[in-house]
Amino acid sequence: YGGEMKDVLTAVQVVTKEGELLWLTAEQMRLGYRTSAVMEEGYAVTAAEFQLAEGDVETIKGRMADLVARRRE
């Protein structure tokens, strides 16, 4: 659909199986198609940081509506 989470994700806070709270960079997340460090290590995500770009509100709403319609199809 023209973009991926890895393109805007900068960091993720996770809880490990041992209960340790960690911040991981996007690179440390090892993001791939339907895979990540979260799945591989059994982490639970508690927070995420994103780097987004400014845009026109109406254009963004239109794009979101288009994506929702395409997913429903």
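G2 is exposed, with a relative accessible area of 85%, where exposed means over 50%, buried under 20% and partly exposed in between, using a 1.4 Å probe and protein chains only. Its C-alpha atom is separated by 9.9 Å from that of L67, 65 residues apart along the chain.

A word on the source. This is a predicted model, in which local features need pLDDT of at least 70 and side-chain atom pairs count only at pLDDT 80 or more, while totals for chains, interfaces and linings use all residues. Residues are numbered from 1 along each chain as its sequence is written, and side-chain values use heavy atoms, leaving out hydrogens and water.

Now to β1. Of its 7 residues, 5 are buried, so β1 is largely enclosed by the rest of the structure.

What does β1 pair with? Strand β3, residues 44-50, pairs with β1 in the antiparallel sense over 6 bridges, and V14 stands opposite V45 there. Strand β2, residues 21-25, also runs antiparallel to β1, joined by 5 bridges; pairing requires that DSSP finds at least two bridges. V12 has L24 as its bridge partner in β2. The β1–β2 hairpin has 5 residues between the strands, and G19 in the turn has a positive phi of about 90°.

Finally, V12 again. Leaving aside neighbours within four places in sequence, V12 is in contact (heavy atoms within 4.5 Å) with residues including W23, M29 and A47.

How values were computed. Helices (H or I, at least four residues) and strands (E, at least two) are DSSP runs, numbered from the N terminus.
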